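This report looks at how parts of one fold are arranged against each other. Please view the sequence and the structure together before reading on.

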Amino acid sequence: MAVSSIPARAGDPTSPRPARTPRRPRGEGQWALGHREPLNPNERIKKDDDPLNVRARIEHIYAHHGFASIDPQDLRGRFRWWGLYTQRKAGIDGGRTAVLEPHELEDEFFMLRVRVDGGQLNLAQLRVVADISREFARDTADITDRQNIQYHWIRVEDMPEIWRRLESVGLQTTEACGDCPRIVLGSPVAGVARDELVDPTPAIDEIVRRYVGDKAYSNLPRKFKTSISWLVDTPYEANDISFLGVDHPDHGPGFDVWVGGGLSTNPMLAQRLGVWVSLDEVPDVWAGVVGIFRDYGYRRLRNRARLKFLVADWGVEKFREVLEKEYLGQALLDGPAPQLPDRPVDHIGVHPQRDGRHWVGAAPVVGRVSGGQLARLADVVEAHGSGRVRLTPYQKLLVLDVPPERTDSLVRELRGIGLEAQPSAWRRGTMACTGIEYCKLAIVETKARGEELVARLEERLRDFDADISIHLNGCPNACARTQVADIGLKGQLVVGPDGQQVEGFQVHLGGGLGMAAGQTAGFGRKLRGLKTTAEELPAYVERLARRYLAGRVAGE
Ligand code: SF4
């Protein structure tokens with residue numbers, strides 16, 4: 001073969017490229033491929049000591065010696081496995097969030113998340129939650145959009161007593177945060193809905209009983225979110241794994257399995273695996289998927305570690321094959337796609353249960369409730385013959401088992417304690433994350449802005465008659481699901497009228513979850529120029545709403 005002796009010219013596309021030594025593929029830190037050495041500080045913390053072990057140190061050391069005695073790796077790492085995050089020091093503006101060191105941002109109090117798997121609370125539990133709020137949390141007890149209760153102002157000294165009280169009624173904070181299996185979302189009307197063919201509660205209970213607190217599953221690459229519901233009443237497409245009810249023509253009612261959903265950076269919707277599993281199989285399939293995540297999940301970069309990245313790289317066919325062959329040892333049945341409504345169901349208002357009693361769904365504003373309110377709620381619930389309350393993933397709550405003749409009275413009394421069963425579209429559809437009041441990552445205020453927004457829109461557009469979702473987020477992390485709201489608001493600094501940087505939001509328009517296949521399921525459009533200052537937000541949303549009303553077509 002003739003070989004040219006003319007040297008290659010730089011920039012000549014026809015020139016042969018100089019041979020390169022092939023680069024060794026960089027590992028992603030996947031355990032199953034032999035990468036066991038931690039590749040970042042978070043992985044190091046988890047390897048050095050299982051984060052679940054920190055509970056003993058809290059009870060035996062830190063609770064006695066106070067905040068200053070806490071090892072920084074426990075404080076900012078392992079505490080999360082027990083639902084504890086340090087909260088933001090008051091008075092630090094959003095412009096300093098990215099420049100301060102963690103210890104400069106945090107104060108000596110904690111945010112504490114209590115997991116309420118499936119959102120199910122009985123009266124004894126509700127009373128304990130309320131009492132802890134009033135005694136130890138300065139009357140805070142937000143309902144989060146993952147059916148948790150979130151306290152603030154918690155002191156490490158009080159944790160042993162708080163755990164004692166929670167656990168005495170079957171509640172826990174175990175793995176409420178951290179790189180582990182978080183709370184299992186469930187239908188707020190599980191077991192009572194007339195159109196539910198299978199109550200998934202036994203599967204939720206079994207997963208929690210078998211796996212929460214199990215060290216085989218306590219070191220995952222990142223958080224792992226689960227949803228199990230017969231109905232489309234949870235944001236199933238935004239979870240690492242979702243089981244959604246479906247009736248198989250040959251095998252009857254069971255669950256369709258979705259994997260790899262997650263918002264935040266690089267948002268992705270979960271994808272169907274195409275399998276049908278029975279209620280009994282749910283816990284094993286769940287454990288298989290978590291096992292894949294633990295063993296094959298990416299551990300090099302935190303922002304590429306969620307299961308969605310693995311699913312995106314593998315595709316669902318390979319994912320299913322690995323699940324069946326390596327984790328379950330058997331093939332799963334192919335399954336039909338579930339029926340999806342136009343919008344997710346939120347259960348607000350008065351609705352008949354299948355046993356003839358009713359549930360009443362009521363809205364606080366942006367999930368903000370107090371311990372005092374919850375204590376009064378417990379009394380009102382009991383006085384109306386009920387013993388069960390459910391939290392929803394839309395920051396709302398339901399009272400179950402109300403005799404039909406007592407519903408009007410209950411609606412009135414709920415209103416008297418600030419819980420509205422006939423809310424405006426604004427109150428019903430607005431959610432807000434924790435924001436700058438307590439969150440160390442926040443850039444803007446969210447809860448107070450959300451309350452102000454609802455109040456202003458109720459005043460200016462009281463009769464707005466469309467379903468609308470508005471999700472306020474204090475930073476790009478999307479805890480309140482920015483990308484899947486009709487109006488998604490991502491907190492950031494924007495340029496104000498006088499040229500100064502002020503709190504504001506980037507706007508995402510037209511997102512949605514739980515949409516019927518083939519319709520507009522997906523993310524809102526993020527338009528770079530679409531921003532508003534926080535001050536201008538109510539007027540901005542009002543303009544959008546008026547434009548929508550003027551332009552909507554019949555049936556929209
Ligand atoms: Fe905090 Fe940002 Fe999440 Fe809001 S979205 S709770 S500000 S991390």
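## Two crossing helices

Helices α8 and α10 are roughly perpendicular to each other (a term for angles of 65 to 115 degrees, where under 35 counts as roughly parallel, over 145 as roughly antiparallel and the rest as oblique), because the axes of α8 (residues 282–296) and α10 (residues 316–328) cross at roughly 100° and come within 10 Å. Axes here are lines fitted to C-alpha atoms, for helices over the stretch in contact, and angles run from 0 to 180 degrees between N-to-C directions. Helices (H or I, at least four residues) and strands (E, at least two) are DSSP runs, numbered from the N terminus.

On the α8 side, D284, V285, G288, V289, G291 and I292 meet V322, L323, Y327 and L328 of α10, a contact meaning that C-beta atoms, placed from the backbone, lie within 7 Å. By class, this contact of α8 with α10 comprises seven nonpolar, two polar and one charged residues, where Ala, Val, Leu, Ile, Met, Phe, Trp, Tyr, Cys and Pro count as nonpolar, Asp, Glu, Lys and Arg as charged, and the others, Gly among them, as polar.

## Basis of the model

The model is predicted, so that local features need pLDDT of at least 70 and side-chain atom pairs count only at pLDDT 80 or more, while totals for chains, interfaces and linings use all residues. Residues are numbered from 1 along each chain as its sequence is written.

## The mixed sheet

An open sheet of six strands has the order β6-β7-β8-β9-β10-β11, with mixed pairing; two strands pair if DSSP finds at least two bridges between them. At the edges stand β6 (181–186) and β11 (333–334), each with a single partner strand, so one side of each is left without a neighbour in the sheet. Strand β10 (residues 271–277) runs antiparallel to β11 and is joined to β11 by two bridges, and the bridge partner of V275 in β11 is D334.

Helix α7 (residues 201–211) packs on the sheet by touching β6 and β7 (224–229), its direction making about 170° with that of β6. Helix α10 also packs on the sheet, where α10 touches β9 (252–259) and β10, at about 35° to the direction of β10.

## A buried tyrosine

Y298 lies in the loop between α8 and α9 (307–314). Y298 is buried, with 23 other C-beta atoms within 10 Å (20 or more count as buried, 12 or fewer as exposed, and in between as partly exposed). Leaving aside neighbours within four places in sequence, the contacts of Y298 include E28, P221, R304 and F309.

Conventions: Two residues are in contact if their C-beta atoms, placed from the backbone, lie within 7 Å.
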